[in-house]
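Please look over the structure shown here. A short report on its contacts comes after it.

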Protein chains: 2
Amino acid sequence: MSLSPLSRPNLAHIVRSRLSEAILSGELEPGQHVPEPELASRLGVSRAPVREALIELERQGLVTSDSRGRTHIARLTLEDMEEIYSLRLALEPLAAGLTAERATTQDFETLAANIAATEQATSLAEVTRLDAAFHDLIMRASGHRRAAHFWEGLRYQVEAWLGLMQRRHQAVFHSTQVETVKAHKRLLKVLRSGDAAAAEEEMKKHIVSWRRWLAMEADAAARSDRKTAP
Amino acid sequence: MSLSPLSRPNLAHIVRSRLSEAILSGELEPGQHVPEPELASRLGVSRAPVREALIELERQGLVTSDSRGRTHIARLTLEDMEEIYSLRLALEPLAAGLTAERATTQDFETLAANIAATEQATSLAEVTRLDAAFHDLIMRASGHRRAAHFWEGLRYQVEAWLGLMQRRHQAVFHSTQVETVKAHKRLLKVLRSGDAAAAEEEMKKHIVSWRRWLAMEADAAARSDRKTAP
DNA sequence: TAGGTGTCGACTGTCGACAGTGAATTCGAA
DNA sequence: TTCGAATTCACTGTCGACAGTCGACACCTA
(Lines give C-alpha, C1' and ligand atoms only; values in the text may rest on other atoms or scores of the structure.)
Protein backbone atom coordinates (compact mmCIF):
# COMPACT_ATOMS: atom_id res chain seq x y z
CA MET A 1 0.00 0.00 0.00
CA SER A 2 1.38 3.40 -0.94
CA LEU A 3 0.66 6.17 1.48
CA SER A 4 1.08 9.35 -0.49
CA PRO A 5 1.22 12.58 1.47
CA LEU A 6 -2.30 13.88 1.89
CA SER A 7 -3.09 17.52 1.43
CA ARG A 8 -5.22 18.96 4.18
CA PRO A 9 -7.63 21.28 2.40
CA ASN A 10 -8.51 24.67 3.78
CA LEU A 11 -11.99 25.86 4.34
CA ALA A 12 -11.17 28.41 1.66
CA HIS A 13 -10.49 25.60 -0.81
CA ILE A 14 -13.72 23.86 0.04
CA VAL A 15 -15.66 27.07 -0.29
CA ARG A 16 -14.03 27.70 -3.64
CA SER A 17 -14.96 24.36 -5.13
CA ARG A 18 -18.48 24.63 -3.77
CA LEU A 19 -18.89 28.00 -5.41
CA SER A 20 -17.27 26.72 -8.60
CA GLU A 21 -19.88 24.00 -8.84
CA ALA A 22 -22.69 26.39 -8.10
CA ILE A 23 -21.56 28.74 -10.84
CA LEU A 24 -20.81 26.09 -13.44
CA SER A 25 -24.14 24.40 -12.83
CA GLY A 26 -25.94 27.69 -13.22
CA GLU A 27 -27.23 27.70 -9.68
CA LEU A 28 -25.68 31.12 -9.34
CA GLU A 29 -26.60 33.17 -12.37
CA PRO A 30 -24.31 35.39 -14.43
CA GLY A 31 -24.45 39.00 -13.29
CA GLN A 32 -25.90 38.09 -9.94
CA HIS A 33 -24.50 39.93 -6.95
CA VAL A 34 -23.09 37.64 -4.26
CA PRO A 35 -22.55 39.38 -0.91
CA GLU A 36 -19.89 37.84 1.28
CA PRO A 37 -22.05 37.71 4.41
CA GLU A 38 -24.76 35.77 2.60
CA LEU A 39 -22.34 33.20 1.19
CA ALA A 40 -20.69 32.88 4.58
CA SER A 41 -23.92 32.20 6.41
CA ARG A 42 -25.24 29.85 3.74
CA LEU A 43 -22.04 27.82 3.90
CA GLY A 44 -21.81 28.06 7.65
CA VAL A 45 -18.38 29.67 7.76
CA SER A 46 -17.04 33.12 8.51
CA ARG A 47 -16.27 35.71 5.87
CA ALA A 48 -12.51 35.15 5.92
CA PRO A 49 -12.41 31.89 3.93
CA VAL A 50 -15.17 33.20 1.67
CA ARG A 51 -13.09 36.26 0.86
CA GLU A 52 -10.11 34.11 -0.03
CA ALA A 53 -12.21 31.83 -2.18
CA LEU A 54 -13.62 34.82 -4.03
CA ILE A 55 -10.15 36.13 -4.79
CA GLU A 56 -9.22 32.78 -6.31
CA LEU A 57 -12.49 32.61 -8.25
CA GLU A 58 -11.76 36.03 -9.64
CA ARG A 59 -8.42 34.78 -10.86
CA GLN A 60 -10.24 31.94 -12.54
CA GLY A 61 -12.59 34.39 -14.15
CA LEU A 62 -15.75 32.99 -12.62
CA VAL A 63 -16.53 36.15 -10.68
CA THR A 64 -15.66 39.79 -11.14
CA SER A 65 -15.54 42.64 -8.69
CA ASP A 66 -16.96 46.03 -9.55
CA SER A 67 -15.55 49.43 -8.73
CA ARG A 68 -16.88 49.23 -5.20
CA GLY A 69 -15.35 45.84 -4.52
CA ARG A 70 -18.63 43.98 -4.71
CA THR A 71 -18.44 40.61 -6.39
CA HIS A 72 -20.70 39.43 -9.16
CA ILE A 73 -20.93 36.17 -11.02
CA ALA A 74 -19.04 36.72 -14.26
CA ARG A 75 -21.10 37.34 -17.36
CA LEU A 76 -19.18 35.92 -20.30
CA THR A 77 -19.54 37.65 -23.61
CA LEU A 78 -18.54 36.53 -27.06
CA GLU A 79 -15.66 38.98 -26.84
CA ASP A 80 -14.46 37.23 -23.70
CA MET A 81 -14.52 33.93 -25.50
CA GLU A 82 -12.52 35.39 -28.36
CA GLU A 83 -9.89 36.46 -25.86
CA ILE A 84 -9.88 33.03 -24.30
CA TYR A 85 -9.66 31.41 -27.69
CA SER A 86 -6.63 33.45 -28.67
CA LEU A 87 -4.91 32.63 -25.42
CA ARG A 88 -5.63 28.94 -25.72
CA LEU A 89 -4.14 29.09 -29.17
CA ALA A 90 -1.03 30.66 -27.70
CA LEU A 91 -0.68 28.43 -24.65
CA GLU A 92 -1.89 24.97 -25.47
CA PRO A 93 0.20 24.14 -28.54
CA LEU A 94 3.26 25.24 -26.57
CA ALA A 95 2.33 22.89 -23.76
CA ALA A 96 1.43 20.07 -26.13
CA GLY A 97 4.88 20.24 -27.66
CA LEU A 98 6.50 19.99 -24.24
CA THR A 99 4.21 17.18 -23.22
CA ALA A 100 5.15 15.19 -26.30
CA GLU A 101 8.76 15.51 -25.23
CA ARG A 102 8.50 15.00 -21.53
CA ALA A 103 5.37 13.09 -20.59
CA THR A 104 5.70 9.80 -18.72
CA THR A 105 3.90 6.54 -19.43
CA GLN A 106 1.81 7.31 -16.40
CA ASP A 107 0.70 10.58 -17.95
CA PHE A 108 -0.34 8.87 -21.15
CA GLU A 109 -2.31 6.28 -19.24
CA THR A 110 -4.17 8.97 -17.36
CA LEU A 111 -5.01 10.65 -20.64
CA ALA A 112 -6.20 7.38 -22.12
CA ALA A 113 -8.37 6.78 -19.06
CA ASN A 114 -9.88 10.22 -19.50
CA ILE A 115 -10.78 9.44 -23.09
CA ALA A 116 -12.35 6.15 -22.07
CA ALA A 117 -14.42 7.95 -19.46
CA THR A 118 -15.49 10.52 -22.02
CA GLU A 119 -16.60 7.72 -24.32
CA GLN A 120 -18.86 6.33 -21.64
CA ALA A 121 -20.13 9.59 -20.24
CA THR A 122 -23.90 9.81 -20.07
CA SER A 123 -24.45 13.54 -19.91
CA LEU A 124 -23.20 16.56 -21.76
CA ALA A 125 -22.10 18.18 -18.54
CA GLU A 126 -19.88 15.20 -17.86
CA VAL A 127 -18.37 15.37 -21.34
CA THR A 128 -17.61 19.04 -20.82
CA ARG A 129 -15.95 18.42 -17.50
CA LEU A 130 -13.86 15.57 -18.86
CA ASP A 131 -12.92 17.63 -21.89
CA ALA A 132 -11.57 20.42 -19.70
CA ALA A 133 -9.83 17.84 -17.52
CA PHE A 134 -8.15 16.33 -20.57
CA HIS A 135 -6.62 19.64 -21.52
CA ASP A 136 -5.73 20.17 -17.88
CA LEU A 137 -3.78 16.92 -17.86
CA ILE A 138 -1.81 17.94 -20.92
CA MET A 139 -0.96 21.31 -19.42
CA ARG A 140 0.27 19.64 -16.28
CA ALA A 141 2.16 16.89 -18.05
CA SER A 142 4.05 19.57 -19.94
CA GLY A 143 5.90 20.41 -16.75
CA HIS A 144 5.42 24.09 -17.57
CA ARG A 145 4.09 25.25 -14.25
CA ARG A 146 3.35 28.79 -15.26
CA ALA A 147 1.50 27.77 -18.39
CA ALA A 148 -0.55 25.32 -16.36
CA HIS A 149 -1.27 28.07 -13.87
CA PHE A 150 -2.43 30.41 -16.60
CA TRP A 151 -4.60 27.68 -18.04
CA GLU A 152 -6.38 27.49 -14.70
CA GLY A 153 -7.39 31.07 -15.30
CA LEU A 154 -9.13 29.99 -18.50
CA ARG A 155 -10.52 26.51 -18.11
CA TYR A 156 -13.38 27.31 -15.81
CA GLN A 157 -14.53 30.09 -18.07
CA VAL A 158 -14.54 27.63 -20.93
CA GLU A 159 -16.56 25.22 -18.84
CA ALA A 160 -18.94 27.95 -17.77
CA TRP A 161 -19.50 29.06 -21.34
CA LEU A 162 -20.09 25.55 -22.62
CA GLY A 163 -22.46 24.87 -19.75
CA LEU A 164 -24.41 27.98 -20.57
CA MET A 165 -24.61 27.07 -24.24
CA GLN A 166 -25.72 23.57 -23.44
CA ARG A 167 -28.52 24.76 -21.25
CA ARG A 168 -29.68 27.08 -24.00
CA HIS A 169 -29.31 24.92 -27.08
CA GLN A 170 -29.24 21.30 -26.19
CA ALA A 171 -29.88 20.19 -29.74
CA VAL A 172 -26.66 21.68 -31.04
CA PHE A 173 -24.59 19.31 -28.99
CA HIS A 174 -25.62 16.00 -30.49
CA SER A 175 -22.26 15.14 -31.93
CA THR A 176 -20.08 16.72 -29.24
CA GLN A 177 -19.27 13.52 -27.45
CA VAL A 178 -18.07 11.46 -30.41
CA GLU A 179 -16.19 14.37 -31.91
CA THR A 180 -14.42 15.12 -28.66
CA VAL A 181 -13.39 11.51 -28.27
CA LYS A 182 -12.11 11.33 -31.83
CA ALA A 183 -10.11 14.55 -31.53
CA HIS A 184 -8.64 13.58 -28.18
CA LYS A 185 -7.62 10.17 -29.53
CA ARG A 186 -5.81 11.84 -32.39
CA LEU A 187 -4.07 14.15 -29.93
CA LEU A 188 -3.01 11.37 -27.62
CA LYS A 189 -1.58 9.45 -30.54
CA VAL A 190 0.56 12.36 -31.64
CA LEU A 191 1.65 13.07 -28.07
CA ARG A 192 2.73 9.46 -27.67
CA SER A 193 4.80 9.68 -30.83
CA GLY A 194 7.04 12.18 -29.05
CA ASP A 195 7.10 14.49 -32.05
CA ALA A 196 6.87 17.95 -30.48
CA ALA A 197 6.26 19.88 -33.66
CA ALA A 198 3.51 17.50 -34.75
CA ALA A 199 1.92 17.74 -31.31
CA GLU A 200 1.92 21.52 -31.49
CA GLU A 201 0.32 21.37 -34.87
CA GLU A 202 -2.36 18.89 -33.87
CA MET A 203 -3.25 20.91 -30.80
CA LYS A 204 -3.46 24.04 -32.87
CA LYS A 205 -5.88 22.31 -35.21
CA HIS A 206 -7.90 21.04 -32.29
CA ILE A 207 -8.34 24.49 -30.86
CA VAL A 208 -9.04 26.10 -34.21
CA SER A 209 -11.81 23.59 -34.75
CA TRP A 210 -13.11 24.41 -31.30
CA ARG A 211 -13.39 27.99 -32.41
CA ARG A 212 -15.90 26.99 -35.10
CA TRP A 213 -18.03 25.70 -32.26
CA LEU A 214 -17.71 29.05 -30.59
CA ALA A 215 -18.92 31.03 -33.58
CA MET A 216 -21.75 28.61 -34.21
CA GLU A 217 -22.97 28.71 -30.67
CA ALA A 218 -22.71 32.44 -30.51
CA ASP A 219 -24.81 32.56 -33.62
CA ALA A 220 -27.43 30.29 -32.13
CA ALA A 221 -27.42 32.38 -28.98
CA ALA A 222 -27.96 35.55 -30.97
CA ARG A 223 -30.84 33.97 -32.88
CA SER A 224 -32.49 32.78 -29.71
CA ASP A 225 -32.02 36.16 -28.08
CA ARG A 226 -33.73 37.83 -30.99
CA LYS A 227 -36.55 35.37 -30.67
CA THR A 228 -37.16 35.83 -26.97
CA ALA A 229 -36.08 39.36 -26.16
CA PRO A 230 -37.88 41.95 -28.24
CA MET B 1 -8.83 68.00 -19.09
CA SER B 2 -10.10 64.45 -18.74
CA LEU B 3 -10.86 63.36 -15.24
CA SER B 4 -10.79 59.60 -15.22
CA PRO B 5 -12.40 57.90 -12.25
CA LEU B 6 -9.76 57.41 -9.62
CA SER B 7 -9.49 54.16 -7.79
CA ARG B 8 -9.40 54.52 -4.04
CA PRO B 9 -6.59 52.23 -2.97
CA ASN B 10 -7.00 49.65 -0.25
CA LEU B 11 -4.55 49.08 2.51
CA ALA B 12 -3.99 45.75 0.80
CA HIS B 13 -2.91 47.57 -2.36
CA ILE B 14 -0.54 49.80 -0.47
CA VAL B 15 0.94 46.86 1.36
CA ARG B 16 1.37 45.05 -1.93
CA SER B 17 3.29 47.83 -3.62
CA ARG B 18 5.44 48.37 -0.54
CA LEU B 19 6.35 44.72 -0.53
CA SER B 20 6.88 44.77 -4.28
CA GLU B 21 9.42 47.51 -3.89
CA ALA B 22 11.13 45.76 -1.02
CA ILE B 23 11.46 42.57 -3.03
CA LEU B 24 12.53 44.18 -6.29
CA SER B 25 15.12 46.30 -4.51
CA GLY B 26 16.51 43.23 -2.80
CA GLU B 27 15.64 44.47 0.67
CA LEU B 28 13.83 41.19 1.15
CA GLU B 29 16.07 38.40 -0.04
CA PRO B 30 15.09 35.42 -2.18
CA GLY B 31 14.22 32.39 -0.09
CA GLN B 32 13.66 34.46 3.01
CA HIS B 33 10.67 33.53 5.14
CA VAL B 34 8.26 36.39 5.74
CA PRO B 35 5.81 35.75 8.59
CA GLU B 36 2.55 37.60 8.32
CA PRO B 37 2.63 38.93 11.91
CA GLU B 38 6.05 40.46 11.36
CA LEU B 39 5.06 42.19 8.12
CA ALA B 40 1.86 43.39 9.73
CA SER B 41 3.59 44.92 12.72
CA ARG B 42 6.39 46.44 10.63
CA LEU B 43 3.84 48.09 8.36
CA GLY B 44 1.56 49.02 11.21
CA VAL B 45 -1.51 47.20 9.91
CA SER B 46 -3.36 44.05 10.83
CA ARG B 47 -2.79 40.70 9.18
CA ALA B 48 -5.89 40.86 6.97
CA PRO B 49 -4.55 43.30 4.35
CA VAL B 50 -1.14 41.63 4.54
CA ARG B 51 -2.70 38.28 3.72
CA GLU B 52 -4.47 39.73 0.73
CA ALA B 53 -1.34 41.43 -0.50
CA LEU B 54 0.58 38.17 -0.21
CA ILE B 55 -2.00 36.34 -2.31
CA GLU B 56 -1.61 38.94 -5.04
CA LEU B 57 2.16 38.84 -4.80
CA GLU B 58 1.99 35.10 -5.19
CA ARG B 59 0.02 35.56 -8.37
CA GLN B 60 2.73 37.91 -9.57
CA GLY B 61 5.32 35.30 -8.75
CA LEU B 62 7.23 37.43 -6.26
CA VAL B 63 6.51 35.14 -3.33
CA THR B 64 5.70 31.47 -3.01
CA SER B 65 3.99 29.54 -0.27
CA ASP B 66 5.31 26.20 0.86
CA SER B 67 3.34 23.10 1.78
CA ARG B 68 2.56 24.51 5.17
CA GLY B 69 1.23 27.77 3.83
CA ARG B 70 4.23 29.78 4.91
CA THR B 71 5.30 32.53 2.58
CA HIS B 72 8.80 32.91 1.19
CA ILE B 73 10.33 35.43 -1.15
CA ALA B 74 10.51 33.71 -4.53
CA ARG B 75 13.85 32.34 -5.60
CA LEU B 76 14.00 32.58 -9.38
CA THR B 77 15.96 29.92 -11.18
CA LEU B 78 17.13 29.79 -14.76
CA GLU B 79 14.40 27.25 -15.39
CA ASP B 80 11.84 29.78 -14.18
CA MET B 81 13.21 32.33 -16.59
CA GLU B 82 12.99 29.83 -19.43
CA GLU B 83 9.31 29.36 -18.60
CA ILE B 84 8.78 33.06 -18.51
CA TYR B 85 10.62 33.50 -21.76
CA SER B 86 8.45 30.94 -23.53
CA LEU B 87 5.31 32.60 -22.23
CA ARG B 88 6.44 36.05 -23.24
CA LEU B 89 7.09 34.65 -26.68
CA ALA B 90 3.54 33.33 -26.76
CA LEU B 91 1.81 36.37 -25.30
CA GLU B 92 3.60 39.50 -26.40
CA PRO B 93 3.63 39.08 -30.18
CA LEU B 94 -0.08 38.36 -29.98
CA ALA B 95 -0.64 41.58 -28.07
CA ALA B 96 1.70 43.57 -30.30
CA GLY B 97 -0.35 42.56 -33.33
CA LEU B 98 -3.54 43.72 -31.65
CA THR B 99 -1.93 46.94 -30.52
CA ALA B 100 -0.82 47.74 -34.06
CA GLU B 101 -4.44 47.40 -35.12
CA ARG B 102 -6.21 49.10 -32.28
CA ALA B 103 -3.95 51.51 -30.45
CA THR B 104 -4.93 55.17 -30.24
CA THR B 105 -2.73 58.20 -30.83
CA GLN B 106 -2.75 58.66 -27.10
CA ASP B 107 -1.29 55.18 -26.64
CA PHE B 108 1.51 55.89 -29.08
CA GLU B 109 2.34 59.14 -27.36
CA THR B 110 2.58 57.39 -24.00
CA LEU B 111 4.92 54.84 -25.54
CA ALA B 112 7.06 57.59 -27.07
CA ALA B 113 7.21 59.34 -23.70
CA ASN B 114 8.36 56.13 -22.11
CA ILE B 115 11.17 55.79 -24.63
CA ALA B 116 12.23 59.39 -24.03
CA ALA B 117 12.33 58.73 -20.31
CA THR B 118 14.38 55.60 -20.87
CA GLU B 119 16.83 57.60 -22.92
CA GLN B 120 17.34 60.00 -20.05
CA ALA B 121 17.33 57.51 -17.23
CA THR B 122 20.34 57.75 -14.93
CA SER B 123 20.33 54.35 -13.33
CA LEU B 124 20.01 50.78 -14.47
CA ALA B 125 17.17 50.18 -12.06
CA GLU B 126 15.26 52.96 -13.73
CA VAL B 127 15.90 51.53 -17.19
CA THR B 128 14.64 48.17 -16.04
CA ARG B 129 11.48 49.65 -14.59
CA LEU B 130 10.79 51.69 -17.71
CA ASP B 131 11.47 48.67 -19.90
CA ALA B 132 8.88 46.61 -18.05
CA ALA B 133 6.49 49.56 -18.17
CA PHE B 134 6.93 49.83 -21.93
CA HIS B 135 5.85 46.25 -22.43
CA ASP B 136 3.08 46.85 -19.96
CA LEU B 137 1.77 49.70 -22.06
CA ILE B 138 1.70 47.56 -25.18
CA MET B 139 -0.15 44.78 -23.42
CA ARG B 140 -2.73 47.23 -22.20
CA ALA B 141 -3.07 49.06 -25.48
CA SER B 142 -3.85 45.74 -27.13
CA GLY B 143 -7.21 45.79 -25.42
CA HIS B 144 -6.73 42.13 -24.60
CA ARG B 145 -7.56 42.23 -20.94
CA ARG B 146 -6.74 38.64 -20.17
CA ALA B 147 -3.39 38.78 -21.90
CA ALA B 148 -2.56 41.95 -19.98
CA HIS B 149 -3.60 40.22 -16.78
CA PHE B 150 -1.36 37.26 -17.51
CA TRP B 151 1.48 39.60 -18.29
CA GLU B 152 1.15 41.03 -14.79
CA GLY B 153 1.95 37.55 -13.56
CA LEU B 154 5.25 37.72 -15.41
CA ARG B 155 6.54 41.27 -15.46
CA TYR B 156 7.57 41.54 -11.85
CA GLN B 157 9.50 38.31 -12.07
CA VAL B 158 11.33 39.73 -15.06
CA GLU B 159 12.07 42.86 -13.09
CA ALA B 160 13.20 40.87 -10.08
CA TRP B 161 15.51 38.76 -12.19
CA LEU B 162 17.05 41.71 -13.97
CA GLY B 163 17.50 43.50 -10.67
CA LEU B 164 19.27 40.51 -9.23
CA MET B 165 21.55 40.23 -12.25
CA GLN B 166 22.36 43.91 -12.13
CA ARG B 167 23.34 43.73 -8.51
CA ARG B 168 25.61 40.80 -9.24
CA HIS B 169 27.22 41.80 -12.52
CA GLN B 170 27.03 45.49 -13.05
CA ALA B 171 29.62 45.43 -15.79
CA VAL B 172 27.50 43.31 -18.09
CA PHE B 173 24.91 46.00 -18.40
CA HIS B 174 26.91 48.72 -20.06
CA SER B 175 24.99 48.76 -23.29
CA THR B 176 21.56 47.91 -21.91
CA GLN B 177 20.20 51.42 -21.98
CA VAL B 178 21.05 52.30 -25.59
CA GLU B 179 20.03 48.88 -26.86
CA THR B 180 16.70 49.03 -25.08
CA VAL B 181 15.99 52.46 -26.51
CA LYS B 182 16.91 51.34 -30.02
CA ALA B 183 14.79 48.22 -29.86
CA HIS B 184 11.81 50.04 -28.42
CA LYS B 185 12.04 52.71 -31.10
CA ARG B 186 11.95 50.02 -33.76
CA LEU B 187 8.93 48.47 -32.07
CA LEU B 188 7.05 51.73 -31.80
CA LYS B 189 7.66 52.46 -35.45
CA VAL B 190 6.21 49.15 -36.55
CA LEU B 191 3.27 49.52 -34.17
CA ARG B 192 2.51 52.92 -35.61
CA SER B 193 2.53 51.51 -39.12
CA GLY B 194 -0.57 49.50 -38.19
CA ASP B 195 0.82 46.35 -39.77
CA ALA B 196 -0.22 43.64 -37.34
CA ALA B 197 1.86 40.85 -38.84
CA ALA B 198 4.97 43.01 -38.90
CA ALA B 199 4.37 44.07 -35.31
CA GLU B 200 4.09 40.45 -34.23
CA GLU B 201 7.31 39.66 -36.02
CA GLU B 202 9.20 42.59 -34.54
CA MET B 203 8.05 41.76 -31.03
CA LYS B 204 9.06 38.16 -31.52
CA LYS B 205 12.53 39.29 -32.56
CA HIS B 206 12.71 41.64 -29.59
CA ILE B 207 11.95 38.87 -27.14
CA VAL B 208 14.22 36.36 -28.82
CA SER B 209 17.06 38.84 -28.50
CA TRP B 210 16.14 39.30 -24.86
CA ARG B 211 16.64 35.58 -24.43
CA ARG B 212 20.29 35.94 -25.46
CA TRP B 213 20.61 38.26 -22.49
CA LEU B 214 19.11 35.62 -20.30
CA ALA B 215 21.58 32.94 -21.32
CA MET B 216 24.51 35.28 -21.03
CA GLU B 217 23.54 36.46 -17.59
CA ALA B 218 22.88 32.95 -16.43
CA ASP B 219 26.32 32.09 -17.62
CA ALA B 220 27.88 34.95 -15.75
CA ALA B 221 25.93 33.99 -12.65
CA ALA B 222 27.18 30.42 -12.88
CA ARG B 223 30.76 31.60 -13.28
CA SER B 224 30.53 33.92 -10.31
CA ASP B 225 28.88 31.19 -8.22
CA ARG B 226 31.74 28.86 -9.00
CA LYS B 227 34.16 31.55 -7.98
CA THR B 228 32.57 32.38 -4.64
CA ALA B 229 30.85 29.20 -3.50
CA PRO B 230 33.25 26.24 -3.25
C1' DT C 1 25.57 7.50 21.86
C1' DA C 2 21.58 6.76 18.95
C1' DG C 3 16.83 6.57 18.52
C1' DG C 4 12.52 7.75 20.01
C1' DT C 5 9.23 10.77 22.84
C1' DG C 6 7.34 14.86 24.95
C1' DT C 7 7.22 19.92 25.28
C1' DC C 8 7.59 24.61 23.66
C1' DG C 9 7.24 28.32 20.48
C1' DA C 10 5.90 30.30 16.18
C1' DC C 11 2.60 30.92 12.50
C1' DT C 12 -1.34 30.12 9.91
C1' DG C 13 -6.40 29.56 9.40
C1' DT C 14 -10.57 31.09 11.14
C1' DC C 15 -13.77 33.81 13.74
C1' DG C 16 -16.78 37.66 15.34
C1' DA C 17 -17.02 42.68 15.66
C1' DC C 18 -16.76 47.50 14.19
C1' DA C 19 -16.33 51.43 11.30
C1' DG C 20 -16.72 53.70 6.97
C1' DT C 21 -19.04 54.21 2.47
C1' DG C 22 -22.23 54.44 -1.37
C1' DA C 23 -26.95 53.53 -2.83
C1' DA C 24 -31.55 53.38 -2.06
C1' DT C 25 -35.29 55.44 0.37
C1' DT C 26 -37.91 58.42 2.87
C1' DC C 27 -39.22 62.85 4.17
C1' DG C 28 -40.03 67.78 3.59
C1' DA C 29 -40.69 71.84 0.85
C1' DA C 30 -42.05 74.22 -3.36
C1' DT D 1 -46.29 65.95 -7.95
C1' DT D 2 -41.36 66.75 -8.19
C1' DC D 3 -36.96 68.04 -6.63
C1' DG D 4 -33.52 68.04 -3.06
C1' DA D 5 -31.75 66.72 1.42
C1' DA D 6 -31.35 63.79 5.21
C1' DT D 7 -31.43 59.08 6.79
C1' DT D 8 -31.35 54.37 6.77
C1' DC D 9 -29.39 50.09 5.02
C1' DA D 10 -26.43 46.65 3.17
C1' DC D 11 -21.94 45.94 2.23
C1' DT D 12 -16.88 45.81 2.32
C1' DG D 13 -12.37 46.68 4.56
C1' DT D 14 -10.00 46.15 8.70
C1' DC D 15 -9.01 44.66 13.28
C1' DG D 16 -7.75 41.82 17.39
C1' DA D 17 -8.20 37.20 19.33
C1' DC D 18 -8.05 32.18 19.54
C1' DA D 19 -7.16 27.49 18.32
C1' DG D 20 -4.87 23.95 15.74
C1' DT D 21 -0.59 22.39 13.71
C1' DC D 22 4.12 21.75 12.65
C1' DG D 23 9.15 21.97 13.48
C1' DA D 24 12.83 22.52 16.83
C1' DC D 25 14.78 21.31 20.84
C1' DA D 26 15.40 19.11 25.02
C1' DC D 27 14.96 14.85 27.44
C1' DC D 28 14.66 10.08 28.31
C1' DT D 29 15.84 5.29 27.48
C1' DA D 30 18.35 1.41 25.80
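This is a predicted model: local features need pLDDT of at least 70, side-chain atom pairs count only at pLDDT 80 or more; totals for chains, interfaces and linings use all residues.

Residues are numbered from 1 along each chain as its sequence is written, chains are lettered from A and ligands numbered from 1 in the order in which they are written, and side-chain values use heavy atoms, with hydrogens and water left out.

**DNA strand D**

Around DNA strand D there are 18 residues, and the closest are Pro37(A), Arg47(A), Arg51(A), Leu11(B) and Ser46(B). A residue is near a strand if one of its heavy atoms lies within 4 Å of it. Of the atoms of DNA strand D that come within 4 Å of the protein, 71% belong to sugar and phosphate.

| Protein residue and part | DNA atom | Distance |
|---|---|---|
| Arg47(A), side chain | base oxygen, DNA strand D | 2.7 Å |
| Arg51(A), side chain | phosphate oxygen, DNA strand D | 2.9 Å |
| Ser46(B), side chain | phosphate oxygen, DNA strand D | 2.7 Å |
| Glu36(B), backbone | phosphate oxygen, DNA strand C | 3.1 Å |
| Arg47(B), side chain | base oxygen, DNA strand C | 2.7 Å |
| Arg51(B), side chain | phosphate oxygen, DNA strand C | 2.8 Å |

H3(B) gives the largest share of the surface near DNA strand D, 3 residues. Helices (H or I, at least four residues) and strands (E, at least two) are DSSP runs, numbered from the N terminus. By class, this surface has 7 nonpolar, 4 polar and 7 charged residues. Ala, Val, Leu, Ile, Met, Phe, Trp, Tyr, Cys and Pro count as nonpolar, Asp, Glu, Lys and Arg as charged, and the others, Gly among them, as polar.

**DNA strand C**

DNA strand C has 17 residues around it, and the closest are Leu11(A), Ser46(A), Pro37(B), Arg47(B) and Arg51(B). Sugar and phosphate make up 65% of the atoms of DNA strand C that come within 4 Å of the protein. Here the largest share of the nearby surface, 3 residues, comes from H3(A). The residues of the surface near DNA strand C comprise 7 nonpolar, 4 polar and 6 charged.

**Arg59(A)**

Helix H3 of chain A holds Arg59(A). Its relative accessibility is 15%, so Arg59(A) counts as buried (under 20% relative accessible area; exposed is over 50%, partly exposed in between, with a 1.4 Å probe and protein chains only). Leaving aside neighbours within four places in sequence, Arg59(A) is in contact (heavy atoms within 4.5 Å) with His149(A), Glu152(A), Gly153(A) and Arg59(B).

**Aromatic rings**

Over all chains there is 1 aromatic pair. Rings of Phe, Tyr and Trp (its six-membered ring) pair if their centres lie within 6.5 Å; planes under 30 degrees apart count as stacked, over 60 as edge-to-face and the rest as tilted. The ring centres of Phe150(A) and Phe150(B) are 4.2 Å apart and the planes stand at 10°, so the pair is stacked. Phe150(A) lies in helix H7 (residues 145-168) of chain A and Phe150(B) in helix H7 (residues 145-168) of chain B, so the pair joins two chains. Both Phe150(A) and Phe150(B) are buried.

Terms used
A polar contact is a pair of N or O atoms within 3.5 Å; within protein, one must be able to donate a hydrogen and the other to accept it, and residues adjacent in sequence count only if both atoms are side-chain atoms.
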